[in-house]
Amino acid sequence: MLQTTQTILADIDRDLLAALDARAGLLTLRAILLRYHASGVTAAQVAALLQDLRPATQDGPLEDVILDALDMVTGWCTPQLRVWDGVGENRAS
């Protein structure tokens, strides 16, 4: 059975939400973000998705996990955790 891009992205979205809810570790989050990258999703699209999730989680442990994922998307992390090439390269280290 051939999966459409929308179906693949819906599966990744579900995995991401479950990982965030479970307060997954950085490597688990990075693996999910790498799947977005491999599916052709841009860093800006994933950043927007994560930003949309933040208002409901303000000042809680879930927000911390969302911010960790956002750091990997935007490049505010170590190069080893960065998912999209080129993002964050002009940032101070």
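The structure is a predicted model, in which local features need pLDDT of at least 70, side-chain atom pairs count only at pLDDT 80 or more, and totals for chains, interfaces and linings use all residues. Residues are numbered from 1 along each chain as its sequence is written, and side-chain values use heavy atoms, with hydrogens and water left out.

Helix H4 covers residues 61-74 and reaches 20 Å from its first C-alpha to its last, close to the 20 Å expected at 1.5 Å a residue. Helices here are DSSP runs (H or I, at least four residues), numbered from the N terminus.

H3 and H4 pack at an angle of about 165°, with their axes 9 Å apart; axes are lines fitted to C-alpha atoms over the stretch in contact, and angles run from 0 to 180 degrees between N-to-C directions. H3 is therefore roughly antiparallel to H4 (an angle over 145 degrees). Contact (heavy atoms within 4.5 Å) is made by Ala43, Val46, Ala47, Leu50, Gln51 and Leu53 of H3 and by Ile66, Ala69, Leu70, Val73 and Thr74 of H4.

H1 and H2 also pack at an angle of about 165°, with their axes 10 Å apart. H1 is therefore roughly antiparallel to H2.

Notes: Helices (H or I, at least four residues) and strands (E, at least two) are DSSP runs, numbered from the N terminus. The expected span of a helix is 1.5 Å times one less than its number of residues. Angles under 35 degrees count as roughly parallel, over 145 as roughly antiparallel, 65 to 115 as roughly perpendicular and the rest as oblique.
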